[in-house]
Amino acid sequence: MTEPVISVTDLTRRFGRMTALDSVSLSMPRGAVYGLVGANGAGKTTLIKHILGLLRAQSGSVRIFGLDPVADPVGVLSRIGYLSEENDLPGWMRVDELIRYSRAFYPAWDDDYAEDLRQSFALEPAARIENLSKGQKARAGMLIALSYRPELLVLDEPSSGLDPIVRREIIGAIIRTIAGEGRTVLFSSHLLEEVEQVADHVTMIDRGKIVLSASLDSIRESHRVDGRVPSLDEIFVARVGMPAATESDG
Ligand code: ATP
């Protein structure tokens, strides 16, 4: 059997007296889209930080491509595309400079794909990052995260605060990416409707604990009531006792 892309075993993380992750175990084989869902503060970003090697496991272990991301950050990060909620791109750069700057780090950078994305995202080469709208910045971040064809794409709340058109575009881009051979996507969100559109596998996290982790199809089947398949939102509420997103989350 091939090694899982992400393998987390019994990971616990405390910040002072607060337990952000509580004995989390996950195994994510290659070639699928994994949705990580939970309310704000559930522990999604903390888990992603461990996957990226930004936090060291206090107890338990994290292996990405079979490697320890803290001990081998270059070996791991060179194979991961990452887009965060904050999406902190250098504001003073122009779009074309950002593309040239980013491609220099990655031998597998795909110029044609980057240009396709730039055009379909309608990003002007001469536009300064700091002058882009929030939605355009998200598109620029997505362009960079996708253009070196990473083996693992990690998106932490990529659509947070964006309008529905940009969200749909981002989701479309995710699907196009995984359509490429054998790529894996980890996508965190509190907007379950979106996760439902793209994920093959869903992991629900609540107050640092995994409450459900299975293929979307099997989750739907096992929650069927009188022949009706509930939405992922309804399933989340049934499991966790409250919705992942509040009205104000948009
Ligand atoms: P959000 O969508 O709001 O980012 P999340 O599911 O990603 O939520 P985390 O950011 O992982 O949640 O936070 C999990 C818990 O750990 C929260 O209670 C948060 O306040 C706490 N936490 C996270 N990072 C730190 C830190 N550096 N110091 C102290 N507490 C932290």
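Which helix holds arginine 139? Arginine 139 lies in helix α5. Helices here are DSSP runs of H or I with at least four residues, strands are E runs of at least two, and both are numbered from the N terminus. The model is predicted: local features need pLDDT of at least 70, side-chain atom pairs count only at pLDDT 80 or more, and totals for chains, interfaces and linings use all residues. Residues are numbered from 1 along each chain as its sequence is written, and side-chain values use heavy atoms, with hydrogens and water left out.

Arginine 139 has 14% relative accessibility and therefore counts as buried. Buried means under 20% relative accessible area, exposed means over 50%, and partly exposed lies in between (1.4 Å probe, protein chains only). Leaving aside residues up to four places away in sequence, arginine 139 touches Phe121, Leu123, Val166 and Glu169. Contact means heavy atoms within 4.5 Å.

Helix α5 spans residues 134–147 and packs with helix α3, residues 95–103. The angle is about 25° and the axes are 10 Å apart. Axes are lines fitted to C-alpha atoms, for helices over the stretch in contact; angles run from 0 to 180 degrees between N-to-C directions. The two helices α3 and α5 are therefore roughly parallel to each other. That term covers angles under 35 degrees; over 145 counts as roughly antiparallel, 65 to 115 as roughly perpendicular and the rest as oblique. The crossing of α3 and α5 is right-handed, the near helix being turned clockwise from the far one by less than a right angle. Leu98, Ile99 and Ser102 of α3 meet Ala140, Leu143 and Ile144 of α5. By class, this contact has five nonpolar residues, one polar and no charged. Ala, Val, Leu, Ile, Met, Phe, Trp, Tyr, Cys and Pro count as nonpolar, Asp, Glu, Lys and Arg as charged, and the others, Gly among them, as polar.

The open sheet has six strands in the order β5-β6-β7-β3-β8-β9, with mixed pairing. Two strands pair if DSSP finds at least two bridges between them. Strands β5 (80–83) and β9 (209–215) stand at the edges with a single partner each, so one side of each has no neighbour in the sheet. The twist averages 15° from one strand to the next. Strand β3 (residues 33–37) runs parallel to β7 (residues 184–189), joined by five bridges. Tyrosine 34 has leucine 186 of β7 as its bridge partner. Helix α1 (residues 44–51) packs on the sheet and touches β3, β5, β6, β7 and β8 (201–206). The direction of α1 makes about 150° with that of β7. Helix α5 lies across β5 and β6, at about 170° to β5.

In strand β8, six of its six residues are buried. His201, Thr203 and Ile205 are buried on one side, and Val202, Met204 and Asp206 on the other. Four bridges join β8 to β3 in parallel, with glycine 35 paired to valine 202. Six bridges join β8 to β9 in antiparallel fashion, and histidine 201 has serine 215 as its bridge partner in β9. β8 and β9 form a hairpin with two residues between them. In the turn, arginine 207 has a positive phi of about 45°.

Most residues other than glycine have a negative phi. Serine 23 has a positive phi of about 50°. Serine 23 sits in strand β2 (residues 18–28) and is partly exposed because its relative accessibility is 40%. Arginine 149 also has a positive phi, near 50°. The loop between α5 and β6 (152–156) holds arginine 149, which is partly exposed at 28% relative accessibility.
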